[in-house]
Amino acid sequence: MGHPLGVAFAVLFLVLLVGTLTWMLKVPKPVPPEVARVIYSVEAARRILVPIIEGVYSERAVELACRLGERQNAHLILLHVIEVPFTVPLDTPLPELEERGRRALETARFIAVQHGFKPELHLIRHRSASEGILSMARQSRADQIVMGIGLKKTSYGEGIGRTVREVLRRANCEVIISKIPVKG
């Protein structure tokens, strides 16, 4: 018979060894195919486009896009579209709108950097925000567009704006809308 302390260590070692082997050989529950497809489809988004305007809606959309893309280390594309009226040339200087767009993009970039992303920033001019967003989605081969909106209450009830409706209707990729209720 060995020393009592040596026997205690041998028993402890044996218990730890059996526990480790039991843990290692435990087969996880199989994932149903439909669940695996859903998980794969979300993780397949490698290029995420987030249209930005000033406001909490867009900032929340950036946060959501970051969380959606973190696991697969997606590429984040942040876009601000300056809508230029048809009554003026497309290259007309619009310093106030350009400055607002830059500020919105900087805030969005800050959020993305906090999540470890190195986002691609675009400030473009277009006659229609939806056309600008759809054009960038095609050019950048976006897998997803994440948009933040706040529904405006009108006398007819809540409504989705023209830009969001057009993007939802015509996008060739997945569109995720994050809605924040508006008081009033």
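The following questions and answers cover salt bridges in this predicted model.

Me: How many salt bridges does the count come to?
Reply: A pair counts when a side-chain nitrogen of Lys or Arg is within 4 Å of a carboxyl oxygen of Asp or Glu. By this rule, the count comes to 12 salt bridges.

Me: How many residues apart in sequence are the parts tied together by Glu43 and Arg71?
Reply: The side chains of Glu43 and Arg71 meet in a salt bridge, with N to O at 2.9 Å. Glu43 belongs to helix H2 (residues 33-43), while Arg71 sits in the loop between helix H3 (56-70) and strand E2 (75-83), so the parts tied together are 28 residues apart.

Me: Is Arg71 buried or exposed?
Reply: Exposed requires over 50% relative accessible area. Arg71 has 70% relative accessibility, so Arg71 counts as exposed.

Me: Which residue forms a salt bridge with Arg67?
Reply: Arg67 is exposed, at a relative accessible area of 57%. The closest N and O atoms are 2.8 Å apart, and the partner is Glu63.

Me: Which residues are joined into one network with Glu99 and Arg102?
Reply: Glu99 and Arg102 form a salt bridge, their closest N and O atoms being 3.7 Å apart. The two are three residues apart in helix H4 (residues 95-114), about one helical turn. Through salt bridges that share partners, the network with Glu99 and Arg102 also takes in Glu98 and Arg125.

Definitions and conventions. Residues numbered from 1 in each chain as written. Predicted model: local features only at pLDDT ≥ 70, side-chain atom pairs only at ≥ 80, totals over all residues. Heavy atoms only, no water. Helix = DSSP H or I, 4+ residues; strand = E, 2+ residues; numbered from the N terminus. Buried < 20%, exposed > 50% of the residue type's maximum accessible area, 1.4 Å probe, protein only.
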